[in-house]
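Hi everyone, thanks for making time for this. I'd like to walk you through one structure, a few places at a time, so please have it open as I talk.

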Amino acid sequence: MSRSGHRRLLLVSTNYAPEHAGIGPYATQIAEHWADLGHETHVLAGMPHYPAWSLEPEYKGALRRTEQRAGVTVHRRAHTVPPRQTAVRRALFEGSILLHGAVAPPRMPKPDAVLAQMPSLAGGVLAARLAAKWKVPYVPVVQDLMGAAAAQSGISGGDRAAALAGRAEAYALKRATLVGVIHETFVDRVVGMGVPEEKIRLVPNWSHVAVPTKPRGETRRHLGWAPGQTVVLHSGNMGLKQGLEVLVGAARLDPDVRFVLMGDGSQRAALADLASGVPNLDIIPPAADGEFPDILAAADVLAVTQHAAVLDMSVPSKLTSYFQAGRPVVASVAAQGGTAQEVERSGAGVLVPPEDPHALLKAVRALAEDPRAADALGAAGPVHVAAHLSREAGLARIDALMDEALGGSRP
């Protein structure tokens, strides 16, 4: 150990605070938790750009930057930021992260261990190489399977991208001391990349948002949502794999139901074009952290959507926030995928076939016509969070993973 009872730890995550969506909040909370425990904590991160896929103004022109945030030393390296996702642009994005991190690694003493959040692929490869150079344990946590994502999400050039991403992913995972996965549906894929199953540990994500504090009616008035109007809200990244066209289609079918897409992402402009002339569909910017839980709770239904092909490569981080909000979830996802399993496990929502606007709208109407049933589903969410998805439990699982990698016994 670097100091008596304390460690020096490096977390590699392209996404980090002030990014407020996706895996950034998880990386941030892990690092700040370590710092609170007294560990010397370093993070190798990119420049803030997600989910808008647009560089934060204060970082424009910055090549490298070292910051102190909440007791954590953050080493940032510039990279490309593709405003529109194609296989080539994504490859350039990952390549720029890998190249810059390789030629300018963080200036820090040797750590006791390296943890990587995957994606990005480049971050996993960088973390594996740095850990090998220092001869210290290396632990990736798989948030998304990028090879499967490229194949399943419909990205242009996805087949070739899937093959390249799969090779990079296997490189990063096979060199790990232990591998954390956020959902059990990832295990077979990771084993298929050559990782022994006995090295894989389940480390589910947790709810990283606060509980709602304001009355729902007050928030709805502030947002201009009428008291008697059914509001369906989707929050988070607007990318290819989300398949948000299903919500536009559902909005066209019933002008009395209001659909709200809150967030940003590579498909935002395309969705705005598709929704042109649909007066009951709003696209609004991401909410500030302080307002986010109350806006979720003010909706009548929270929607999670994925393309039918998305099965075992991604479980949306938004689900933990949805469950905390206490509103029923309608999941337009493949029934055999990890997202469907999580919704069923929570008892807080209903499943409908993916890419089917009629089925989605039918489920929304059923909930609107039976408020008691809707409230009962919503109430199951916070109960599930308290039992299984608390921040304390999630961070304790990460700590146990690192303890074991550093030579401790398996919990």
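Let's start with helix 2, which runs over residues 87–103. This is a predicted model, and in it the helix has 17 residues and spans 24 Å from its first C-alpha to its last, close to the 24 Å expected at 1.5 Å a residue. Which of its residues are buried? They are Ala87, Arg90, Phe93, Glu94, Ser96, Ile97, His100 and Gly101. As a reminder, an α-helix has 3.6 residues a turn, so residues three or four places apart point the same way.

Keep two of those buried residues in mind, Phe93 and Ile97, as we'll come back to both.

Rolling a probe the size of a water molecule over the atoms shows where empty space is left. Searching the whole structure turns up 1 cavity of 30 Å³ or more, and the largest cavity has a volume of about 100 Å³. Its lining is made of 15 residues, and nearest the centre lie Leu44, Ala45, Gly46, Ile97 and Leu126. Two or more lining residues come from each of strand 2 (40–45), helix 2 and helix 3 (121–134). Which element gives the most to this lining? Helix 2 does, with 4 residues. By type, the cavity lining splits into 6 nonpolar, 8 polar and 1 charged.

A pair of aromatic rings is described by the distance of the centres and the angle of the planes. The count here comes to 3 aromatic pairs. One of them is Tyr26 with Trp206, edge-to-face, at 5.0 Å centre to centre and 90° between the planes. Tyr26 sits in helix 1 (residues 24–36) and Trp206 in the loop between strand 8 (200–202) and helix 7 (216–223), so this pair links parts of the chain 180 residues apart. Both Tyr26 and Trp206 are buried.

Another pair is Trp53 with Phe93, also edge-to-face, at 5.2 Å centre to centre with 70° between the planes. Trp53 is in the loop between strand 2 and strand 3 (64–69) while Phe93 is in helix 2, so the pair ties together parts that are 40 residues apart in sequence. Ring pairs also bring in Tyr50, giving a cluster of Tyr50, Trp53 and Phe93.

Most residues other than glycine have a negative phi, and most peptide bonds are trans. The bond joining Tyr50 and Pro51 is cis, with omega about 10°, and Trp53 has a positive phi of about 55°. Is Trp53 buried or exposed? Its relative accessibility is 8%, so Trp53 counts as buried.

Elsewhere, the peptide bond from Ala17 to Pro18 is cis, with omega near 15°; Pro18 belongs to the loop between strand 1 (8–12) and helix 1. Glu355 has a positive phi near 60°, and its relative accessibility of 45% makes it partly exposed.

Last stop: the second largest pocket, with a volume of about 280 Å³. Among its 18 lining residues, Ile182, Pro204, Asn205, Glu342 and Leu389 are the closest to the centre. Helix 11 (318–325), helix 12 (338–346) and helix 14 (371–388) each give two or more residues to this lining. The pocket lining divides into 8 nonpolar, 6 polar and 4 charged residues.

Key: Residues numbered from 1 in each chain as written. Predicted model: local features only at pLDDT ≥ 70, side-chain atom pairs only at ≥ 80, totals over all residues. Heavy atoms only, no water. 1 Å grid on protein atoms, 1.4 Å probe; cavity = no way out; pocket = protein on both sides within 12 Å on 5 of 7 lines; lining within 4 Å. Points joined across faces, edges and corners; volume = space filled by probe spheres on them. Nonpolar A, V, L, I, M, F, W, Y, C, P; charged D, E, K, R; others polar. Expected span 1.5 Å × (residues − 1). Buried < 20%, exposed > 50% of the residue type's maximum accessible area, 1.4 Å probe, protein only. Phe/Tyr/Trp six-rings, centres within 6.5 Å; stacked < 30°, edge-to-face > 60°.
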